[in-house]
Amino acid sequence: MTYSRIAATFSCLSLTCVAAGAAQLDLASAFPEDLPVVGEQSADFVKTFNAISEETQFRFHPPGSLVPVSQSLESVSKGYIDAAYSISGYWQDRLPSAALFSAFPFGFDPVERITWMYEGNGLALYQEMYDRAGYAVKVVPCGMLPAETSGWFKKEINRPEDLDGLRMRVFGFAGEVFARFGVTTELLFGDGISFALGNGDLDAAEFSVLAADVYLGLQENTEFVYFPGWHQRSTLMELLVNEQVWEGLAEPVQHSIEVACLANVLEALSHGALQNQAAYRQLLESSEVQFRSWSPEMMAAFRSAWAEVVEEHVNHDRFFRKVWADITTFQRERNEWLPIQNPQASLSRP
C-alpha cells in the first residue's frame with residue numbers, strides 16, 4: 001500500500017470527503033480516477049494533500065464535469081474553477097513550447113526530467129511560459145509517466161512509406177513528426193480512441209503507458225503494438241491553480257501542495273512500473289496483439305523528422321528557442337557525464 005493510499009485510509013473513505021471547516025478548492029481532472037497510472041495520479045494527489053492539510057482541501061471532479069478538458073487552462077486562468085490536473089502538451093495549439101514541459105521526442109527520461117525541472121531552469125521556464133502568454137495560473141509539477149507505448153497499428157510498419165495515409169490519434173510534437181510521413185493526426189481523449197479504432201475512423205493510435213492503453217482496449221482493434229516510446233520517454237503531469245487562489249493560500253498550504261505533488265511524482269513512477277509489467281503479461285497471455293520494435297531505419301527517420309520540427313519552431317517562436325537552448329545545454333552536459341558515471345548508459349542513449 002502506497003503512502004497516499006495509507007494517508008487516505010486515515011483521512012476519509014471518499015475522495016470528495018473534506019475536513020470540517022476547511023476551505024474547499026475544486027479541481028477538474030483531465031483523466032478519470034480509474035484510468036490506470038494516468039488517472040490514478042490526479043486522484044492520489046487529492047488524497048495525499050487532503051490527508052496532510054486541515055486548512056484547505058481539494059475536491060476532485062472527473063473530466064468534463066466542470067469544464068471541457070480542452071478548456072481547463074483558460075477556465076483556471078479566468079477563475080471559473082480553482083484548479084486543474086492535466087498535461088501541458090494539451091495546450092500545444094496555443095502555446096508552441098507547451099509540450100517541451102510534458103514530453104518531447106527523444107527527450108528526457110524520468111530522472112533527467114526531474115533534474116532539469118527542479119535543479120535546472122525547467123520550473124522557472126515552465127512558469128514563465130504561462131506568464132508570458134497572459135495566463136493567471138500557478139503551475140506545479142505533480143506527476144510523472146514512464147516511457148509510453150509508441151503506438152498501436154492495424155498493419156505492420158516496416159518503412160516510413162508504410163505510414164503514408166494513416167489516420168492516427170497522437171499527442172504533442174509526435175503528431176508533428178508523424179504528419180511529415182503523410183499521417184493525418186487527431187487528438188482524442190479516453191474512451192473515444194478505442195471507439196474510433198473500432199469504427200474505422202482511426203488506423204492507429206498512441207495514448208499513454210501500456211497499462212492505460214490496455215485498460216482503454218486499444219489492443220482490441222489493432223494488430224501490432226510498437227516500442228520503444230521514443231516520442232515520450234517520460235511525461236510530466238501538471239497541477240494548475242488560479243493565480244489569485246494560490247496567492248490567497250497561506251505559505252504552509254502552498255508548501256504542502258508542492259510536497260504532495262513531489263510525493264505524487266515518486267508514487268506514479270513506482271506504481272506505474274508494476275502496472276505496466278502486469279499489462280505486458282496480460283497481453284502476452286492473451287495473444288491479442290504482436291509486439292514490435294521500431295527498426296533502425298524507422299528510428300533514424302523519426303529522429304530526422306524531429307530535427308526538422310525543432311528547427312521550424314526555433315525559427316518561428318522566440319520563447320521556444322530560449323527553452324530549447326536550455327534543454328540542449330542540459331542534455332549536452334548530461335551526455336558528457338553519463339558515460340563516465342555508467343559506461344553502459346551510453347549504449348541506450350537517444
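1. A disulfide is a pair of cysteine sulfur atoms within 2.5 Å. With that cut-off, a search of the whole structure, which is a predicted model, finds one disulfide. The partners are Cys142 and Cys261, with their sulfur atoms 2.2 Å apart. The link of Cys142 and Cys261 is left-handed, at -80 degrees about the S-S bond.

2. What does the pair tie together? Cys142 sits in strand β4 (residues 137-145), and Cys261 sits in helix α10 (residues 251-286). The pair therefore ties together parts that are 119 residues apart in sequence. A disulfide is a covalent bond between the sulfur atoms of two cysteines.

3. Are Cys142 and Cys261 buried or exposed? Both are buried. The cut-off for buried is under 20% relative accessible area.

4. Helix α10 also holds Glu258. Leaving aside neighbours within four places in sequence, Glu258 is in contact with Lys138, Val140 and Trp246.

5. How far apart are Glu258 and Glu336 in space? The distance is 31 Å, C-alpha to C-alpha. In sequence, Glu258 and Glu336 are 78 residues apart.

6. Now the overall fold. The protein chain contains twelve helices and eleven strands. Its radius of gyration is 20 Å, close to the 20 Å that the globule rule gives for 350 residues, so the chain is as compact as a globular protein of that length. The C-alpha trace spans about 60 × 45 × 40 Å along its principal axes.

7. Next, packing. Of the 350 residues in the protein chain, 54% are buried. Among contacts with a separation of 6 or more, 77% come from residues 24 or more positions apart.

8. Then the surface. The accessible surface of the protein chain comes to about 15,000 Å². Carbon and sulfur atoms account for 52% of that surface.

9. Last, charge. How many positive and negative side chains does the protein chain have? There are 24 positive and 45 negative side chains. The centres of the two sets lie 5 Å apart.

Key. Residues numbered from 1 in each chain as written. Predicted model: local features only at pLDDT ≥ 70, side-chain atom pairs only at ≥ 80, totals over all residues. Heavy atoms only, no water. Helix = DSSP H or I, 4+ residues; strand = E, 2+ residues; numbered from the N terminus. Rg over C-alpha atoms; globule rule 2.2 N^0.38 Å. Buried < 20%, exposed > 50% of the residue type's maximum accessible area, 1.4 Å probe, protein only. Contact = heavy atoms within 4.5 Å. Areas by Shrake-Rupley, 256 points an atom, 1.4 Å probe, with all protein chains shown as cover. Lys, Arg positive; Asp, Glu negative; His and termini not counted. Charge placed at Lys NZ, Arg CZ, Asp CG, Glu CD.
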